[in-house]
Amino acid sequence: MSAIQNPKSKIQNPGVHRSVFAPDPLATERIGESLGRRMEPGTLVLLFGNLGAGKTTFAHGLARGLEIPTDIQSPTFALIYEHKGRIPLAHMDFYRLNAPDELDTLGIEEYLDGDGVTLIEWPEIAMDRMPESRIEIRITPEAMGRRLEFTAHGDAATLLSGWNLESDESESSTGE
Amino acid sequence: MIVLGIETTCDETSAAVLRDGTELLSNLISSQVELHRQWGGVAPEVAARHHVEAINPILRQAVDEAGLTFNDLDAVAVANRPGLVGALLVGVSAAKALAMVYGLPLVGVNHLEAHLYANFLEHTDLEFPMLGLVVSGGHSNLALMTGHGEFQPVGHTVDDAPGEAFDKVARAMGLPYPGGPVIDKLATEGDPTAYPFPRADLGETFNFSFSGLKTALLRFLSENKDARVEDIAASFQEAIVDALVNTTVRAARATGVETVLVAGGVAANRRLKARFAEAGERNGLRILSPKPILCTDNAAMIATAGHYALREGRGDGLGLETFATAPLGS
């Protein structure tokens, strides 16, 4: 299972970091859509943020950018939903999981090794199983909207560098 | 015809024996709610393990309580979609084993459709077309039912299911799992108009959205530490009930049906029941929902749906598969 690696020991490429402010849900969705259009087969996206942060809104935008024609419903209950689009999307949500060994029977490695895009909400419990190449997104509420922070590791870094984003405030390489 | 129903889609292991579509001889439910309460939700691995331990005793007890033996059964119906795959496999494997050993016809049932079929257990005079609303922890679906097993999707949630919204908000309010019944109870002591939480506007569609409501409520909680919990519960519940009742009535008018079936765990919510009764009277609609024990996940509804499917000549072989996702009508 090549997907199971310790992320900390494997990171070689410098990460790419971006930070964007979204004044309203529509902006959050547009940023998601813009990133969705840049997705390539095999991309892994980890989406962090508390209840109500805007993960659902961002995920809707990302799905639109992947040209998924249907509404993407919350996978909290089912854990994994698959959607057909420009690239297939496996939409996961580990909110309900309590221990890493509960991931054993979900078959997430098959998705991570596959040619689709994998989007995981509440990924904290699965971090030890996540491959190096990935985009991490952290959404945090601020006074007048939401702060979206993107960090890309490994091969996925190319998806963030050169990403033209309205109201983009920063682009930097972090040496890690 | 005597049908054995088996349900293991989520956190209940259930088996039921049904004679001729309406005579429920047994309906046993082994709930894992106590088990999952400590986690604040269903833990899938825990759920699958519990199903394995519970399934054989439950099957035997269901047949015993019906005063029968496995030899007396005429068919086996099992929920094979949608649900947690590990959990589904336990019920489907048991159903296949029984079908093989006793030479019984086997039919796979859509769990969401079966929720609506719980209404057929209590009412034998239902006439198509009808509108069906399934509302639960994982689902929120409106469908037009034109015949047995014939469903056309009308609307769905574009994000969270109502039961999920109840559970997540209850957790944020520091209330125990499952959130629905707790909020239902608190709301009876609260003012549903105390706080005007937002109702999603989805235009002319018959869809639902509860994610924005959840976000609004979380913000409210962080900014209003002293608000009465009963008033918050009642106002939050009212926002969900408003969306479900108004959209369903609008869809009933648009499709021209006279009967609406409401089912699923959230259908047991007392405020929802009362508001649907009111709306039915005002709009000349017959709006039915099963008694609470048949709103939760149970095998009686699986046996009922299986009964009608078999009567229509449907059936599956021992190659019956499981599906994590399956909308109404698929």
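In chain A, residues 24 or more positions apart account for 69% of the contacts with a separation of 6 or more. The structure is a predicted model.

**Chain A: overall make-up**

- Chain A contains five helices and eight strands.
- Read from the N terminus on, the order of these elements is α-β-α-β-α-β-β-α-β-β-β-α-β.
- Of the 176 residues in chain A, 57% are buried.

**Chain A: strand S7 and its partners**

- Strand S7 of chain A spans residues 145-153, and eight of its nine residues are buried, so this strand is largely enclosed by the rest of the structure.
- Strand S1 of chain A (residues 15-22) runs antiparallel to S7(A), and seven bridges join the two.
- Within this pairing, A:Ser19 has A:Glu149 in S7(A) as its bridge partner.
- Strand S6 of chain A (residues 134-142) also runs antiparallel to S7(A), to which nine bridges join it.
- Here A:Leu148 in S7(A) is the bridge partner of A:Ile139.
- The link from S6(A) to S7(A) is a hairpin that passes through two residues.

**Chain A: a buried serine in a helix**

- A:Ser34 belongs to helix H2 of chain A, which covers residues 25-38.
- The relative accessibility of A:Ser34 is 12%; because buried means under 20%, A:Ser34 counts as buried.
- Apart from its neighbours within four places in sequence, A:Ser34 is in contact with A:Trp163, A:Asn164 and A:Leu165.

**Chain B: two domains**

- Chain B is divided into domain 1, made of 2-115 + 294-311, and domain 2, made of 127-290.
- A distance of 27 Å separates the C-alpha centres of domain 1 and domain 2 of chain B.

- Strand S1 of chain B (residues 2-7) holds B:Val3.
- B:Val3 is buried, with a relative accessibility of 0%.
- Beyond its neighbours within four places in sequence, B:Val3 is in contact with several residues, among them B:Ala16, B:Val17, B:Leu18, B:Ala75 and B:His307.
- B:Val3 and B:Pro162 are 159 residues apart along the chain, and their C-alpha atoms are separated by 32 Å.
- S1(B) and S2(B) run antiparallel and are joined by six bridges; in this pairing, B:Ile6 stands opposite B:Ala15 in S2(B).
- Four residues lie between S1(B) and S2(B) in the hairpin that they form.
- Seven of the eight residues of S2(B) are buried, so S2(B) is largely enclosed by the rest of the structure.
- S2(B) also runs antiparallel to strand S3 of chain B (residues 23-31), with eight bridges joining them.
- In the hairpin of S2(B) and S3(B), three residues lie between the strands, and B:Asp20 takes a positive phi near 55 degrees.

**Chain B: B:Thr13 in strand S2**

- B:Thr13 is found in strand S2 of chain B, which covers residues 12-19.
- With a relative accessibility of 0%, B:Thr13 is buried.
- The bridge partner of B:Thr13 in S3(B) is B:Ser30.
- The side chain of B:Thr13 is joined to that of B:His51 by a polar contact of 2.8 Å.

**Chain B: helix H6**

- Helix H6 of chain B (residues 179-187) has buried residues including B:Gly179, B:Gly180, B:Ile183 and B:Asp184.
- The buried residues of H6(B) are covered by elements that include H5, helix H8 (229-255) and helix H9 (270-283) of chain B.

**The contact of chain B and chain A**

- Chain B contributes 26 residues to the contact, and chain A contributes 22 residues.
- About 2,200 Å² of area is buried between chain B and chain A, and carbon and sulfur atoms give 57% of that area.
- Zero salt bridges are found by the rule across the interface of chain B and chain A.
- Eight residue pairs are in polar contact between chain B and chain A, counting pairs with both residues at pLDDT 80 or more.
- On the side of chain B that touches chain A, helix H2 (44-65), helix H5 (162-172) and helix H7 (211-223) of chain B each supply at least two residues.
- H7(B) gives the largest share of that side, with five residues.

Methods: Residues are numbered from 1 along each chain as its sequence is written. Chains are lettered from A and ligands numbered from 1 in the order in which they are written. This is a predicted model: local features need pLDDT of at least 70, side-chain atom pairs count only at pLDDT 80 or more; totals for chains, interfaces and linings use all residues. Side-chain values use heavy atoms; hydrogens and water are left out. Buried means under 20% relative accessible area, exposed over 50%, partly exposed in between (1.4 Å probe, protein chains only). Two strands pair if DSSP finds at least two bridges between them. Domain bounds come from an automatic or database domain assignment. Contact means heavy atoms within 4.5 Å. Buried area is the accessible area (1.4 Å probe) that two parts lose on being put together, summed over both. A salt bridge is a side-chain nitrogen of Lys or Arg within 4 Å of a carboxyl oxygen of Asp or Glu. A polar contact is a pair of N or O atoms within 3.5 Å; within protein, one must be able to donate a hydrogen and the other to accept it, and residues adjacent in sequence count only if both atoms are side-chain atoms.
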